[in-house]
Amino acid sequence: MTAAPTATELLSHPVVRAAIDSAWADSKADDPAARHEEGGWIYLELASGVITVERAATGEQQDIDLFNPPTRAGCVIVGKFHTHPNPSDKGWKPGPSTSDVQYDEMHGVPDLIRSDQGVHVSGPESRRGGLSGPPGYPE
Amino acid sequence: MSAAVAAPLLPCDEVLRIAQADAQRVYRDLTNLAITLRLESDGWHVEYNPSRPGWQGGGPYYVIDPVDGTIISKTYYQ
C-alpha cells in the first residue's frame, strides 16, 4: 500500500463509521447540560492496510485536544475525527471553526467532524505526503 | 446653522459586557476562551477562541452596533 486513504474512503470504512457513531453517541448531543466533544485518531497499519482507531480524552462543550496522538508500532495516522454536538437550529455552526481549520492544516490529515447536519471534512483530502514520514502526524 | 454631531461610540468594556451576557447564556464555561475586540466599519467584532494550546474548537463571534449596542450578528462556533 502506497497511497493514504482519502477522507471519502475513510468515511466509507466500517471501522471509522462505527467510531464516529460511537463518539457521537458519547457526546450526549441531546443533553444541554452534558453535551461535549468527543474524538480520536485513525491509524493505518503499513504492512496489512488494516484501519484502526483510538479515542482521545473527552473534550469540552465547544473544543477538544487532538494535538498529541499516541503512536502505534507499524502504523501511521491517516485521519482524525471529532464531534460538534451543539444544535445547529440554536445558532451553532455545525462545520469547522477557524481553529479547526488551522489545526487540521497543521496536522496534515483529514478531520471528519460529525454534527447534527452530518459529517463535515476539514484539512487535506488525505495524509499530507502519503504514508511516508513519522508515525504520528506528518511533517 | 448647526454642525452634525456624530453619535458617541460605545466604549469597548460596554461592548464586551453585551457580548459576555449572551455568551454566558449559551456556553457553559468561558474560562478557556480568549477574547479579541476590534472596531470595523460594520461594528464591533467580538471573537472568542480556545486559549489552551492544542485545543481546537471555537467560541461565539459577535458583530455589535457601535452606537446602540444591538447585536447585529452572532455565530456560535464549536
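In what order do the elements of chain B run from the N terminus on? They run α-β-β-β-β-β, and chain A follows the pattern α-α-β-β-β-β-α-β-β along its sequence. Helices (H or I, at least four residues) and strands (E, at least two) are DSSP runs, numbered from the N terminus. This is a predicted model, in which local features need pLDDT of at least 70, side-chain atom pairs count only at pLDDT 80 or more, and totals for chains, interfaces and linings use all residues. Residues are numbered from 1 along each chain as its sequence is written, while chains are lettered from A and ligands numbered from 1 in the order in which they are written.

**Chain A overall**

- Chain A holds three helices and six strands.
- The radius of gyration of chain A is 14 Å, which agrees with the value near 14 Å for a compact globule of 139 residues. This radius is taken over C-alpha atoms, and the globule rule is 2.2 Å times the number of residues to the power 0.38.
- The C-alpha trace of chain A spans about 45 × 25 × 25 Å along its principal axes.
- Of the 139 residues in chain A, 43% count as buried. Buried means that 20 or more other C-beta atoms lie within 10 Å of the residue's own; exposed means 12 or fewer, partly exposed is in between, and C-beta atoms are placed from the backbone.
- Among contacts in chain A with a separation of 6 or more, 62% are between residues 24 or more positions apart. Two residues are in contact if their C-beta atoms, placed from the backbone, lie within 7 Å.

**The sheet of chain A**

- Five strands of chain A make an open sheet in the order E2-E1-E4-E5-E6, with mixed pairing. Strands pair if DSSP finds at least two bridges between them.
- At the edges are E2 and strand E6 (118–122) of chain A, each pairing on one side only.
- From one strand to the next, the twist averages 25°. Axes here are lines fitted to C-alpha atoms, for helices over the stretch in contact, and angles run from 0 to 180 degrees between N-to-C directions.
- E1(A) pairs with E2(A) in the antiparallel sense over five bridges, and A:Trp41 has A:Glu54 in E2(A) as its bridge partner.
- H2(A) lies across E1, E2, E4, E5 and E6 of chain A, and runs at about 15° to E2(A).

**Nonpolar cores**

- The largest nonpolar core has 22 residues, of which A:Val16, A:Ile42, A:Tyr43, A:Ile77 and A:Val78 touch the most other members. Such a core is a set of buried Ala, Val, Leu, Ile, Met, Phe, Trp, Tyr and Cys residues joined through C-beta atoms within 7 Å.
- Elements giving two or more residues to this core include helix H2 (14–26), strand E1 (39–45) and strand E4 (75–84) of chain A. E4(A) supplies the largest share, five residues.
- Beyond its neighbours within four places in sequence, A:Val78 is in contact with residues including A:Leu10, A:Ile42, A:Tyr43 and A:Val109.
- A second, separate core of 15 residues includes A:Trp92, B:Tyr27, B:Tyr48 and B:Tyr61.

**Chain B**

- Chain B has one helix and five strands.
- The radius of gyration of chain B is 15 Å, whereas a compact globule of 78 residues would have one near 12 Å.
- The C-alpha atoms of chain B fill a box of roughly 60 × 20 × 20 Å along the principal axes.
- Buried residues account for 33% of the 78 in chain B.
- Strand E4 (residues 60–64) and strand E5 (residues 71–76) of chain B pair in the antiparallel sense over five bridges, with B:Lys74 in E5(B) as the bridge partner of B:Tyr62.
- E4(B) and E5(B) form a hairpin with six residues between them, and B:Gly69 in the turn has a positive phi of about 80°.

**Where the chains meet**

- Chain A contributes 20 residues to the contact and chain B contributes 16 residues.
- On the side of chain A that touches chain B, strand E3 (63–65) and helix H3 (98–107) of chain A each give two or more residues. H3(A) gives the most, with four residues.
- That side of chain A has five nonpolar, nine polar and six charged residues. Here Ala, Val, Leu, Ile, Met, Phe, Trp, Tyr, Cys and Pro count as nonpolar, Asp, Glu, Lys and Arg as charged, and the others, Gly among them, as polar.
- E3(A) pairs with strand E3 (residues 55–57) of chain B in the antiparallel sense over three bridges, and A:Ile64 stands opposite B:Gln56 in E3(B).
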